[in-house]
Amino acid sequence: MPQLQRLAVTAAQICDRKIDLTREQQHYLNRVLRLQAGDRFIAMDGRGHWWLAVLEAQETGLIASITEEIAVNRELPVEVTLMAALPKGNGFDEVVRQATELGVASIVPVTSDRTLLKPSDQKVDRWRRIAAEAAEQSERQIVPTILEPVSFELAVKDCGQKYRFICVARGDNRHLSDCLIGSFAPPFVGAVPPCPPPAGGELSIVIAVGPEGGWTEGEVKRAIEFGFEAVSLGSRILRAVTAPIVALSLVGAAFEKC
């Protein structure tokens, strides 16, 4: 199949193998991508389904017809939630974009003791649009869920993942990569560890990454009380917008090496 453009749609837009395109989607396909009636593209619902679709012209504008479902497997074999303290400025835009490219399943924006940003509803809507665009670009099967911002206390208290890690810049903590191998892979012989088991059941991870200046001692202690393990991302001090990318890259390296 030739390289085709991708478009994220909602389940509500699909009825009787037709896709009711919004005005913005019609503009994007026709004016930006220069697609015409009869051209094909891939529609993705953000929940794991891809369809081959064909543009059709009607008096009211463009619609699309689904011709077939496409079987793909582009996701990590583990469900990863990023719990990220909000950085200053628009730095969280890049966190959302790059975390989506790296396979995150959901993102929890967190307000912490050192958080400066108090996000508006418009900010959250923007992050969700960025996630959808990044999912299209990176050929994801799903669009990550961007939750409403919550306090750090509530985020760690309500965490439901079995495997919980909080990244701490200083201190004598195990490296995240070692924790991933220790948590998911059985003992191995030789230099190359076996691959972690496939996704399913309890195979889910949450990784908490702090703001500028890092988590406070009280926050780290509170997270540990709720079952988080303090981990290191290495010997260097990373920026608040860099640390999430490093953490997710380590997850990808551990789970996509086979």
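**Entry 1: helix α2**

I started with helix α2, residues 91–101, in what is a predicted model. I listed its buried residues as Gly91, Phe92, Asp93, Val95, Val96, Ala99 and Thr100. Next I looked up what these buried residues pack against, and I found β7 (79–85), β8 (106–111), α3 (121–137), β9 (145–146) and α7 (243–255). Just after α2 I noted glycine 103, which takes a positive phi of about 100°.

**Entry 2: α2 against α3**

How do α2 and α3 pack, in angle and in distance between axes? I read an angle of about 35°, with the axes 8 Å apart. The crossing of this pair is right-handed.

I then wrote down who meets whom. From α2 come Phe92, Asp93, Val96, Arg97, Thr100 and Glu101. From α3 come Arg126, Trp127, Ile130, Ala131, Ala134, Ala135 and Gln137.

**Entry 3: strand β7**

Is β7 mostly covered or mostly open? I found it mostly covered, with six of its seven residues buried.

I looked up its neighbours too. With β12 (residues 204–209), β7 pairs in the parallel sense over six bridges, and methionine 83 stands opposite alanine 208 in β12. With β8, β7 also runs parallel, and five bridges join the two. In that pairing leucine 82 stands opposite isoleucine 107 of β8. A reminder to myself: in a regular strand the side chains alternate between the two faces of the sheet.

**Entry 4: the six-stranded sheet**

I traced an open sheet of six strands and wrote its order as β1-β4-β5-β6-β3-β2, with mixed pairing. Its edge strands are β1 (6–8) and β2 (14–15), each of which pairs on one side only.

At the β2 end I checked the join to β3 (residues 18–19): the two strands run antiparallel and are linked by two bridges. Isoleucine 14 has isoleucine 19 in β3 as its bridge partner.

Which helices did I find on this sheet? α3 packs on it and touches β1 and β4, its direction making about 150° with that of β1. Helix α1 (residues 23–32) lies across β1, β4 (40–44), β5 (50–58) and β6 (61–70), and it runs at about 170° to β1.

**Entry 5: the loop between β13 and α7**

I picked two residues from this loop, serine 232 and leucine 238; β13 covers 229–231.

Serine 232 has 12% relative accessibility and therefore counts as buried, the cut-off being under 20%. Leaving out residues up to four places away in sequence, I found serine 232 touching Val168, Asn173, Arg174, His175 and Leu176. I also noted arginine 170, which is 62 residues from serine 232 in sequence and 7.6 Å from it in space, C-alpha to C-alpha.

Is leucine 238 buried, partly exposed or exposed? At 32% relative accessibility, it counts as partly exposed. With the sequence neighbours up to four places away again set aside, leucine 238 touches Leu233, Ala243 and Val246. I logged glycine 213 as well: it is 25 residues from leucine 238 along the chain, and their C-alpha atoms are separated by 9.8 Å.

**Entry 6: positive phi outside glycine**

I made a note of two residues other than glycine with positive phi. Arginine 34 has phi near 65° and is found in the loop between α1 and β4. Its relative accessibility is 60%, so arginine 34 counts as exposed. Glutamate 139 has a positive phi of about 60° and lies in the loop between α3 and β9.

**Entry 7: the whole protein**

Last, I stepped back for the totals. I counted seven helices and 13 strands in the protein. Of its 258 residues, 48% are buried. Among contacts between residues at least 6 apart in sequence, 72% join residues at least 24 apart. The accessible surface comes to about 13,400 Å², and carbon and sulfur atoms account for 50% of it.

Note on methods:
Residues numbered from 1 in each chain as written. Predicted model: local features only at pLDDT ≥ 70, side-chain atom pairs only at ≥ 80, totals over all residues. Heavy atoms only, no water. Helix = DSSP H or I, 4+ residues; strand = E, 2+ residues; numbered from the N terminus. Buried < 20%, exposed > 50% of the residue type's maximum accessible area, 1.4 Å probe, protein only. Contact = heavy atoms within 4.5 Å. Areas by Shrake-Rupley, 256 points an atom, 1.4 Å probe, with all protein chains shown as cover. Pairing = 2+ DSSP bridges. Axes fitted to C-alpha atoms, helices over the stretch in contact; angles between N-to-C directions. Left-handed = near helix turned anticlockwise from the far one by under 90°.
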